[in-house]
Structures are given as C-alpha cells and as structure tokens.
Amino acid sequence: MEPCGSPYSITSGSDCARLIHTLDTLPDRKFLKVFLGGQIISLLICGTAVTSQILQQDHGVAAPTTQTFVNYLLLTLVYCGIICFRREGDTFYRIFLQRGWKYAIVAAIDVEANYLVVKAYQYTTLTSIQMLDCITIPVVLFLSFLFLRVRYRWTHITGILVCLVGLVGLVLADLTTGRSVHGEPSNKLLGDILCLLGASLYGFSNVAEEYAVRFYTRVEFLGMVGLFGTFISGIQLLILERDELTTFSWNVESAFLLVGFGVFMFLLYSLFPLVIKWSSAAAVNLSILTADLYSLLFGLFIFHFKVCQRMYHLLTIKYIVSAF
C-alpha cells in the first residue's frame, strides 16, 4: 500500500490531511463509553419518573418511601451477598466496623433525597421535576471542588450561574402555567422546592459515591448503602406510610408499576458508579441532561402534555443545557 501523498497514491496529500484530521476529531472509546452509559442512565431515570407519575396520577399512590424501599432491598440482596461470598477484598464484618458509619450517613442523605423528589410528584409535573433536578450539577461541582480537590475554569463557573438562572426561569414558568396531575389547582411551588432540596441532596450522595469508587469498590458502596438504606427507609415507611399502605386498594397494575420503579432504580444505581469510575460525578451528571428531553417526549405521548403549554419548559431546557 502506498503512503498518502505519494505520486502513486489515489488519495492526495490534502485529502490525506483532512482524513487524519477527521479521525483525530472522532470521539475516543472512553468518551463513547461515558456518553452511552449516560444515555442508558437517562432512560432509566426517565423510567423511574414515568412509573412514579403514573402511580401518582392514575392510582393515587402517594408512598415515596415505599417506592424506594424496593430499590434498597434489591441492592442489599445482590451486593451484600457478593461481599459476603467473595474471596478477595475486605470482609463484610471489617467494612461494617471500619466504614459502616460513613455509609450510614450517605444512605440517610440518599433516602431523604429520593423521598423529597418522589414526593414532589404529588404537587408538580414530570417535566418540571426532571428539569429542576439539574441543580444537582452545581452542587456536585462545588462539592468536588471542596472535597475531591477538583479545579474548574471561569467558563465552568459561568456555566453554573447560567444554569441557576435557567432554574429560576423554570420555577417561574411552573407558577404561571399548567395544573396539577389531578386537574386541581396545584401547589407547584411546593413541588419545585421539594425537588430542588432532593436534587441538592443527590449531589452529596453522588460525590460520596465518586469518593468510594476511587478508594474502595463499587460493590462495597452499593451493598452498604443498600443495607443502611433498607433499614432507614423501612423505619420511615412504618412511621409515615403505614396507613397509606393498609388503606390503599392494590391491584396488579399498581403492584407491577411499584416493582418496575424499584427495578429501574436498582439498574440506575448499579450503572451510575460504573460510569463515574470511567469519568467523574460531574461528567455523569452533565451527560444525563438528556433525561429532561426523554421525559418531555414521554410526557407528550403518555400524559398528553400540550406543546403550547410546554414552550416555557422547552426554552428553559435549551437555556439550562446551553450552560454546559
């Protein structure tokens, strides 16, 4: 084979240079792994959002702790089982004694983050929640700077400020458009506040997850957070949602949706630290911004959102995404 640019080559020197430049600009394998992993996570997030919205809207299930309890139980059964039966690495007993209290704190934060976000579905809509949880990104960037010694440029800081302005615009749009999921006058401001608080707590758990993946293992993090999350959410379930569960008329569809929500969450939790290991918590949260678009599309087809009523949301999606 003749080298590019030689007198006997079909490809000219300029064509060869353009070809080399094109190949150099193609995304590498690591970027593709992070990007594709982020899109799978986005679809899983969309799955949890859709199932939760249907449970609230069509079945009147208002039990956010119960929904997330299924996820923590699955994490415990799978990953604590792996820890107990593996032959390499720290034993379950040693992990529990040395680092158990740290995982208990992370699990408590994670449980309450899930509770607040799922609770928000009672007051606001799927698209609003999926867009407002972008507040996780500035929180992750700040905590990564503080605890993981990650340094950012002024362009990153400017992007954070633009994102925050977009979030303010979204809250204002929620106050001026739409109704609640039950067609009644909604308290969307409360729903937005709950979502912002929960998404901010997600930032803490995401950075803790990145720290654990860096210095320990993904299996250890998921197993211990699942164990303490099951314990904490179980107690909270009995205190806050016992009457709800005993009085609710369960059927096959609602039970299927509840289990489906838990499975989506389990897969999301299992994949998230893996993608973090390939990149960082900040990069993963940036890559899952597409979950907002997926949720909007599902909302148009499943919940029959009207495009004219969502123009404010489309504009704020564009504004928020442009920040990154």
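Biologist: What should I know about the numbering and the model before I look?
Modeller: Residues are numbered from 1 along each chain as its sequence is written, and side-chain values use heavy atoms, with hydrogens and water left out. The model is predicted, so local features need pLDDT of at least 70 and side-chain atom pairs count only at pLDDT 80 or more, while totals for chains, interfaces and linings use all residues.

Biologist: Which residues lie nearest the centre of the largest pocket?
Modeller: Lys 102, Val 106, Val 207, Ala 208 and Tyr 211 do, out of 17 lining residues. A pocket here is an open set of points on a 1 Å grid over the protein atoms alone, where a 1.4 Å probe fits, with protein on both sides within 12 Å along at least five of seven lines, and lining residues have an atom within 4 Å of a point.

Biologist: And which helix gives the most to that lining?
Modeller: Helix 4 does, with 7 residues; helices are DSSP runs (H or I, at least four residues), numbered from the N terminus.

Biologist: Changing topic, how many aromatic pairs are there?
Modeller: The count comes to 6, where rings of Phe, Tyr and Trp (its six-membered ring) pair if their centres lie within 6.5 Å, and planes under 30 degrees apart count as stacked, over 60 as edge-to-face and the rest as tilted. One of them is the tilted pair of Tyr 79 and Phe 266, 6.1 Å centre to centre with 35° between the planes, and this pair links helix 3 with helix 11, 187 residues apart.

Biologist: Is Tyr 79 buried or exposed?
Modeller: Tyr 79 is buried, with a relative accessible area of 6% (buried means under 20%, exposed over 50%, partly exposed in between, with a 1.4 Å probe and protein chains only).

Conventions. Helices (H or I, at least four residues) and strands (E, at least two) are DSSP runs, numbered from the N terminus.
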